[in-house]
Amino acid sequence: MNRRTTFLLIILTLDLAIAIALAFTGLVTTPVDIKQLGLFYIENSFFGEMSAMTPEVVSSIVWDYRGLDTIYETAVFFLAIVAGLAVFGTVETSSGVSKGLTNLAKTATKLMSLLIISVSASIALHGHLTPGGGFQGGSALAVTPLLLIPTFSVYELVNRGVTTTRLIAARGLALASIGLIALLPVFRGLEIATNTRFYPAYFMGQLISGSLFFYNIFEYLAVASGFAAIFLYISIPERCLDGEISRGGG
Amino acid sequence: MASSIGWSVLLTTLGLNILIAIYGIVYGKTLTKKLISLTILSDTVNLFFIFIGYRYVVPSIPPVLVELKPEYIEYLKAHGVDPLPQALVLTGIVIGMAVNSLIAFAIIQTYRLEKTVDARKLVGLETIEVEE
């Protein structure tokens with residue numbers, strides 16, 4: 001047994017000993033209650049006086065009770081992508097040629113992409129009813145470009161018009177729509193980011209939980225295009241990296 | 001008592017994971033390894049927050065009204081986990097993702113300019129040779 005394994009075993013034994021000591025002295029006990037604030041959200045999310053008209057309590061917090069946090073959080077993510085544009089904006093992308101993988105892999109990827117798109121759309125569009133939402137759905141959709149890039153090659157995507165500039169533009173549009181959804185109630189004299197007092201909770205008999213449905217759709221598009229842009233940035237081979245790859249380093 | 005021990009092991013292991021991540025951030029050889037340690041740290045902290053909102057009741061259920069009836073609220077209040085840490089972690093994950101991608105871009109830019117991501121070479125200690 002070498003030194004590293006012995007050290008690891010000692011650390012794990014210590015960890016276990018501390019855990020058992022904490023449990024026996026009563027310093028750590030399993031929690032059986034939740035905080036009053038959590039109970040408030042559970043009581044109010046659908047039936048309460050301050051209802052957000054959504055049965056999914058986490059979504060009601062994310063997009064209604066603490067909605068402004070989420071809007072700023074989306075802005076933070078956007079700034080990170082803009083920083084990526086600042087670093088990678090000058091790289092030429094359409095200069096290379098690559099065939100990608102075999103036809104079998106390409107067909108399988110096309111089928112998989114269709115499945116991913118439908119699953120991610122259901123995660124996003126049901127975000128106000130079941131666990132999920134715009135960010136989760138968008139992250140799932142962003143798996144599609146991750147699959148497409150190695151299978152079809154990044155040049156193929158760029159030549160077909162999936163460029164980082166267009167993805168950033170799509171993300172900008174989606175974010176502008178989120179801002180517009182938050183701002184529209186102001187024109188009727190209500191507060192910014194008003195939910196069910198301005199937007200209808202039901203549409204054609206279906207529960208859409210007011211503005212939450214629209215926020216989820218646009219967040220879905222914004223996150224997916226943002227992630228796709230990041231993946232494209234990182235996949236684009238550069239001249240300074242090519243030399244390193246050919247030497248077998250990295 | 002068994003549940004308390006299990007809970008205690010869980011929390012101390014998360015603490016240990018945080019220590020390992022901090023070790024990785026401080027002693028990681030390259031900037032990439034430091035970034036990986038940072039993601040481990042943020043993920044552990046997120047998991048820790050999720051466990052803060054957990055409650056040990058049987059059954060313990062997610063905070064979702066699966067039946068739109070006022071009577072279900074009482075059941076959810078007795079068995080549902082705290083939704084607030086989950087919502088905060090969701091926000092934290094997105095911001096962590098943004099910060100991580102920003103750092104990844106900075107590392108790539110560092111490689112372009114300096115032709116290395118070795119932290120020791122970057123601060124001018126390139127004479128020290130350390131075996132992997």
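**The interface of chains A and B**

Guide: In this model, 48 residues of chain B are in contact (heavy atoms within 4.5 Å) with 56 residues of chain A. The model is predicted: local features need pLDDT of at least 70 and side-chain atom pairs count only at pLDDT 80 or more, while totals for chains, interfaces and linings use all residues. Residues are numbered from 1 along each chain as its sequence is written, chains are lettered from A and ligands numbered from 1 in the order in which they are written, and side-chain values use heavy atoms, with hydrogens and water left out.

Visitor: What area do chain B and chain A bury between them?

Guide: The size of an interface is often given as the accessible area lost when the parts come together. Buried area is the accessible area (1.4 Å probe) that two parts lose on being put together, summed over both. Of the area here, 76% is on carbon and sulfur atoms. The value for chain B and chain A is about 4600 Å².

Visitor: Which element gives the largest share of the side of chain B that touches chain A?

Guide: Helices are DSSP runs (H or I, at least four residues), numbered from the N terminus. The elements of chain B that give two or more residues to this side are α1 (2-27), α3 (70-79) and α4 (83-114). The largest share, 19 residues, comes from α4(B).

**Salt bridges and burial**

Visitor: How many salt bridges does the structure hold over all chains?

Guide: One of them joins A:Arg66 and A:Asp69, whose closest N and O atoms are 3.0 Å apart. Another joins A:Arg197 and A:Glu191 at 2.5 Å, N to O. Over all chains, the number of salt bridges is seven.

Visitor: Is B:Asp118 buried or exposed?

Guide: The side chain of B:Asp118 meets that of B:Arg120 in a salt bridge of 3.7 Å, N to O. Buried means under 20% relative accessible area, exposed over 50%, and partly exposed in between (1.4 Å probe, protein chains only). B:Arg120, at 24%, is partly exposed. Because its relative accessibility is 11%, B:Asp118 counts as buried.

Visitor: Which side chain of opposite charge is nearest to A:Glu73?

Guide: A:Glu73 lies in helix α4 (residues 67-88) of chain A. Leaving aside neighbours within four places in sequence, A:Glu73 is in contact with A:Glu219, B:Leu90, B:Thr91, B:Val94 and B:Ile95. For charge, Lys and Arg count as positive and Asp and Glu as negative; His and the chain ends are not counted. A:Glu73 is buried and has no salt bridge, and the nearest side chain of opposite charge, 7.6 Å away, is A:Arg171.

Visitor: How many residues of helix α3 of chain A are buried?

Guide: This helix covers residues 57-65 and is mostly covered itself. Its buried residues include A:Val57, A:Ile61 and A:Trp63. What covers them includes α2 (36-44), α4 and α10 (211-235) of chain A, together with α4 of chain B. Of the nine residues in α3(A), the number buried is seven.

Definitions and conventions:
Salt bridge = Lys/Arg side-chain N within 4 Å of Asp/Glu carboxyl O.
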